[in-house]
Amino acid sequence: MEILEATVTVDDLDEFVARLGEIGDEHGVAVQALDARYVVDREHLQRAVELADRAFERGENIADERSVEVLLYAAATRQISRALELGVETGECPAVIVVHDSGVDSQGDETAAIEAVRALSAVRPEATLGDYDERRVREWFEITDSELATGADLSALVRERVALLVVEK
């Protein structure tokens, strides 16, 4: 898994997402752009990627495309329409772009895919990971004050929600 932190400026969301898909196809990888305001850390994404891979290996995937499965796990929901809310949006948006080669059916080139994404005019590489919006994250993942009062940090609670998606079947 490779990550590109960036601010994206999207005029046509469908066109931007289609271009990311084309880059993924060209390089044999899954490419997914997420709104960085909902991503607590790299481990959040790493866990989502691991669980998406496992779902595909077991034939238990929800989505047909690995990039969408990664988004479902990152969002901790089985509803694709809901998970899409964690994707980037039209206009300027802080983003974390995940590029992942499962290594199962192909030998994808994550590095070349990252460079292709970096070269898009809509992408301005800059630090975004870890600059999440706590209110948004807590609301999205339904994290309560009492959970935080136990001493667990927000990142651990988000990763727990991601892992619980497997159990919610």
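Mentor: S121 has its place in the loop between helix 5 and strand 4; helices (H or I, at least four residues) and strands (E, at least two) are DSSP runs numbered from the N terminus. This is a predicted model, in which local features need pLDDT of at least 70 and side-chain atom pairs count only at pLDDT 80 or more, while totals for chains, interfaces and linings use all residues. Residues are numbered from 1 along each chain as its sequence is written, and side-chain values use heavy atoms, with hydrogens and water left out.

Trainee: Is S121 buried or exposed?

Mentor: S121 is exposed, with a relative accessible area of 80%. Buried means under 20% relative accessible area, exposed over 50%, and partly exposed in between (1.4 Å probe, protein chains only).

Trainee: What separates the C-alpha atoms of S121 and V10?

Mentor: A distance of 9.6 Å separates them, although S121 and V10 are 111 residues apart along the chain.

Trainee: Which residues of helix 5 are buried?

Mentor: In helix 5 (residues 110-118) they are E110, A113, I114 and V117. These residues cover an arc of only 100° around the axis, which puts them on the same side of helix 5. The arc is that of the directions from the helix axis to the C-beta atoms.

Trainee: What do they pack against?

Mentor: The buried residues of helix 5 pack against strand 1 (2-10), helix 1, strand 2, strand 3 (91-100) and strand 4 (123-125), where contact means heavy atoms within 4.5 Å.

Trainee: And helix 8, which of its residues are buried?

Mentor: L154, S155, L157, V158, R161 and V162 are the buried residues of helix 8 (residues 154-164). Seen down the axis, they fall within an arc of 165°, so they line one face of helix 8. Their packing partners are helix 2 (42-58), helix 3 (66-75), helix 6 (134-140) and helix 7 (145-149).

Trainee: New topic: how many aromatic pairs are there?

Mentor: The count comes to 1 aromatic pair, with rings of Phe, Tyr and Trp (its six-membered ring) pairing if their centres lie within 6.5 Å; planes under 30 degrees apart count as stacked, over 60 as edge-to-face and the rest as tilted. Y38 and W140 form an edge-to-face pair, 5.9 Å centre to centre with 70° between the planes. The pair links distant parts of the chain, with Y38 in the loop between strand 2 and helix 2 and W140 in helix 6, 102 residues apart.

Trainee: Are Y38 and W140 buried or exposed?

Mentor: Both Y38 and W140 are buried.
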